[in-house]
Amino acid sequence: MSDEQEQPVVVNDRRRIDPETGQLREPEPGELAEETESVGRHAADEPAADPAAELKAQLDERTADLQRLQAEYANYRKRVERDREVNALAAKGQIVTELLGVLDDVERAAAHGDLTGAFKSVSDKLAAVLQASGLEPFGHEGEEFDPSVHEAVQHNTSAEVTGPTVTAVLRRGYRFGERLLRPALVAVTDHEPASAE
């Protein structure tokens, strides 16, 4: 090797907390002077600020942060409330959909005259509760045929109607709020012009 000798590596531990004891270390006199000098240099570089203006700037910044947080929280609350309503409607819709078969049986029993006395009272209450929760039956004779809510399974023509009209309801349709749960199965009669004799 050359005549130069390698300098030993010196490590100065400048941590304020002693890692072995966990106690606060007293700074060495040289370190304290360096820190004081560094702070003094930074203070000398910055112009003296008006304390009132600095406080006003801090207040404005904190106010803007608070307003932003308040707006974010209000938006969060609205979103949670909207999601809660959507979930509640979906759950109600699922339960009502499962009860449609029961309503069909009750309607068939009423059509055959089997629904009398206490059973009629129970079926009326069931229908009233479901309608109060948002279930709306549709599909009545004499309605104008609407392919978005009616499913035609029979087709006739007649001069007695002016356009496609529901003439028989084979299975009632239901809506829950704005949602179509089931289309109505109907027989449709179209207008047929009378033949000239």
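Strand 1 (residues 135–138) and strand 4 (residues 173–176) run antiparallel and are joined by four bridges. Strands here are DSSP runs of E with at least two residues, helices are runs of H or I with at least four residues, and both are numbered from the N terminus. Two strands count as paired if DSSP finds at least two bridges between them. The model is a predicted one, in which local features need pLDDT of at least 70 and side-chain atom pairs count only at pLDDT 80 or more, while totals for chains, interfaces and linings use all residues. Residues are numbered from 1 along each chain as its sequence is written, and side-chain values use heavy atoms, with hydrogens and water left out.

Within this pair of strands, Leu135 has Phe176 of strand 4 as its bridge partner. Phe176 also has a bridge partner in strand 5, namely Arg179. Strand 4 is joined to strand 5 (residues 179–182) by three bridges, and these two strands run antiparallel. A further bridge partner pair links Tyr174 with Arg182 in strand 5. Strands 4 and 5 form a hairpin in which two residues lie between the strands, and Gly177 in the turn has a positive phi of about 65 degrees. Arg175 lies over the face of Phe138, 4.4 Å from the ring centre. A charge is taken to sit over a ring if NZ of Lys or CZ of Arg is within 6 Å of the ring centre and within 35 degrees of the ring normal.

These pairings give an open sheet of three strands in the order 1-4-5, with antiparallel pairing. Strands 1 and 5 are the edge strands; each has a single partner strand, so one side of each is left without a neighbour in the sheet. From one strand to the next, the twist averages 30 degrees. Helix 2 (residues 51–111) packs on this sheet and touches strand 1, strand 4 and strand 5; the direction of the helix makes about 35 degrees with that of strand 5. Such axes are lines fitted to C-alpha atoms, for helices over the stretch in contact, and the angles run from 0 to 180 degrees between N-to-C directions.

Glu107 lies in helix 2 and is partly exposed, with a relative accessible area of 31%. Buried means a relative accessible area under 20%, exposed means over 50%, and partly exposed is in between (1.4 Å probe, protein chains only). With neighbours within four places in sequence left aside, Glu107 is in contact (heavy atoms within 4.5 Å) with Arg172 and Tyr174. The C-alpha atom of Glu107 is separated by 8.9 Å from that of Ser123, 16 residues apart along the chain. Val102 also lies in helix 2 and counts as partly exposed at 37% relative accessibility. Val102 and Leu126, 24 residues apart in sequence, are 9.8 Å apart from C-alpha to C-alpha.

A second open sheet consists of three strands in the order 2-6-3, and its pairing is mixed. Strand 2 (150–158) and strand 3 (165–171) stand at its edges with a single partner strand each, so one side of each is left without a neighbour in the sheet. The twist in this sheet averages 25 degrees from one strand to the next. Strand 3 and strand 6 (residues 184–191) run antiparallel and are joined by five bridges. Val169 stands opposite Val186 in strand 6.

Arg25 is placed in the segment before helix 1 (29–45). The relative accessible area of Arg25 is 23%, and the residue is partly exposed. Apart from neighbours within four places in sequence, Arg25 is in contact with Asp13, Arg15, Arg16, Ile17, Asp18 and Pro19. The C-alpha atoms of Arg25 and Arg14 are separated by 9.3 Å, with the two residues 11 residues apart along the chain.

Over the whole protein chain, the secondary structure comes to three helices and six strands, which follow the pattern α-α-α-β-β-β-β-β-β along the sequence. The chain has 197 residues, of which 16% count as buried. Among the contacts in the chain with a separation of 6 or more, 62% are accounted for by residues 24 or more positions apart. The chain exposes about 15,700 Å², of which carbon and sulfur atoms supply 54%. Accessible areas come from the Shrake-Rupley method with a 1.4 Å probe, and for residues only the protein chains shown count as cover.
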